[in-house]
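Here is a short note for a reader opening this model for the first time. Please keep the structure in view while going through the points.

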Amino acid sequence: MTWLITGGAGYIGAHVVRAMAEAGERTVVYDDLSTGIAARLPEDVPLVEGSTLDAERVARVLAGHEVTGVVHLAAKKQVGESVELPLHYYRQNVEGLRVLLEAVTDAGVASFLFSSSAAVYGMPDVELVTEETPCVPMSPYGETKLAGEWLVRATGRATGLATASLRYFNVAGAASPELADTGVFNLVPMVFEKLTEGAAPRIFGDDYPTPDGTGIRDYIHVADLADAHVAVARALRSAPGADLTFNIGRGEGVSVREMMDQINAVTGYDRAPTVTPRRPGDPPCVVASADRIATELGWKARHDVHDMISSAWEGWVRLHPEAARA
Ligand code: WQD
C-alpha cells in the first residue's frame with residue numbers, strides 16, 4: 001500500500017509525509033516545486049516533480065509506484081491572490097483536481113483524502129462551526145476548495161472511491177525547525193517579520209464584536225494536523241466507499257491580541273502592536289467544532305498555542321538568525 005502525497009514538499013505536505021512515515025506508511029511525493037522544497041523530504045521518500053494538470057505524468061506515477069491511496073494537498077492557497085487571479089486558482093485547484101481524479105479512478109486507486117479549508121464557510125455567524133454549518137465561501141480560494149469537495153464527493157459516489165475532505169482551520173507551528181513555514185502570509189509569521197524588522201506588529205481591527213475587539217480564530221498545530229491525516233487515511237483504507245468530511249481544529253478560539261501577547265512572551269520582544277483598520281473580508285470569529293472527528297475516529301489535537309508559537313519561532317530564527325534575542 002503506497003500513498004501518493006501531492007504537494008508533499010510544501011509546509012503542510014512535508015509534515016504529512018513525516019507523520020505517515022512515522023506511522024509506518026509508505027509514501028511517494030508528487031510536487032511541482034513551485035513553492036515546495038525538496039530538502040524538506042526524508043531521503044527514503046521518492047519525489048516525482050510534476051503538476052497535477054499533467055495527466056500522463058500523474059498516470060505514470062500512480063502505476064509506477066503501485067499507488068492505492070492519494071492525499072491531495074497540491075494547491076494555491078493565498079486568499080488575496082485568488083481575488084486577483086481567479087482563473088489561475090480555478091485552473092490549479094479545480095482543474096488540477098479534476099485531472100488528478102480522472103487518473104486516480106482510471107488507475108483503480110481505492111482512497112482519496114482532499115485538503116480543504118475553513119475558507120469554505122466564509123463568514124459563519126455561529127459560535128462553533130460544525131461540518132453542517134452552511135458553506136458560503138467569500139473568496140475564489142474558498143470557492144475552489146468547496147468546488148473541490150464537490151468533485152471529490154461526486155467521484156466517490158459514482159465510482160466507489162473512498163473519500164474524505166479535511167477542513168483545516170488556522171494552521172501554525174512546525175514539528176521541527178527545518179519544516180517551518182517559509183511563507184509570510186499568516187498572522188504568526190507576519191508578526192515575526194515585523195518584530196525582526198524592529199517594527200510594530202499590526203492588529204487588523206480592534207472593533208469586532210469579540211471580548212477584546214480583535215478577530216478570533218481556531219489555531220491548530222501543523223503536527224496535529226498531520227496526525228489527523230494519518231488517522232483519516234487509515235479510516236479510508238478500512239472503509240471502502242466512505243464519504244467523510246471533518247473540521248480540523250482545536251475547538252478553542254484565540255484572539256489576535258492573545259496571540260500577540262503569547263508571541264511577545266515566547267520571542268522576548270516586547271513590542272506593542274499598532275491597530276490598523278480591519279482587513280477587508282476578515283470574519284470576526286471562526287472556531288471549529290472538532291467533535292465529529294473526535295467521536296468518529298478518536299482524533300484530537302494535543303498541542304496548544306504556546307507550542308505552535310515556540311516551534312514556529314525556532315523555525316523563524318533558523319531562517320532569520322538576526323531575529324534571535326540575547
Ligand atoms: C488570522 C487573524 C487577521 C495578520 C487565512 C485564510 C484561510 C486559511 C488560513 C489557507 C485574522 C489577523 C493577521 C496581521 C492581524 N488559508 N491578523 N495582523 O485570514 O484567518 O485565514 O489563512 O488555507 O483560508 O483565509 O488567517 O493568519 O491571515 O489571520 O491582525 O499582521 O489575524 O485579521 O483575524 P485568516 P491569518
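1. First, a term. The domain bounds used here come from an automatic or database domain assignment. The model itself is predicted. Its assignment gives domain 1 (2-171 + 219-248) and domain 2 (173-218 + 251-325). Taken over C-alpha atoms, the centres of domain 1 and domain 2 are 24 Å apart.

2. Next, the interface. On the domain 1 side, 34 residues are in contact with 37 residues of domain 2. Together, domain 1 and domain 2 bury about 3300 Å² between them. Carbon and sulfur atoms account for 61% of that buried area.

3. Where does the ligand lie? Both domain 1 and domain 2 give residues to the shell around the ligand, so the ligand lies between them.

4. Now the shell. The ligand is surrounded by 19 residues. The closest are Tyr141, Leu187, Arg202, Arg217 and Asp282. By class, the shell has 10 nonpolar, 4 polar and 5 charged residues.

5. The side chain of Tyr141 has an N or O atom 2.7 Å from an oxygen atom of the ligand. The side chain of Arg279 also places an N or O atom 2.9 Å from a ligand oxygen atom. Arg202 uses its backbone: an N or O atom there lies 2.6 Å from a nitrogen atom of the ligand.

6. On its own, the ligand has 690 Å² of accessible area, and the protein covers 86% of it. Helix H6 (187-197) and strand S8 (202-204) are the elements that give two or more residues to the shell. The largest share, 3 residues, comes from S8.

How values were computed. Residues are numbered from 1 along each chain as its sequence is written. This is a predicted model: local features need pLDDT of at least 70, side-chain atom pairs count only at pLDDT 80 or more; totals for chains, interfaces and linings use all residues. Side-chain values use heavy atoms; hydrogens and water are left out. A residue is near a molecule or strand if one of its heavy atoms lies within 4 Å of it. A polar contact is a pair of N or O atoms within 3.5 Å; within protein, one must be able to donate a hydrogen and the other to accept it, and residues adjacent in sequence count only if both atoms are side-chain atoms. Accessible areas come from the Shrake-Rupley method with a 1.4 Å probe; for residues, only the protein chains shown count as cover. Helices (H or I, at least four residues) and strands (E, at least two) are DSSP runs, numbered from the N terminus. Ala, Val, Leu, Ile, Met, Phe, Trp, Tyr, Cys and Pro count as nonpolar, Asp, Glu, Lys and Arg as charged, and the others, Gly among them, as polar. Contact means heavy atoms within 4.5 Å. Buried area is the accessible area (1.4 Å probe) that two parts lose on being put together, summed over both.
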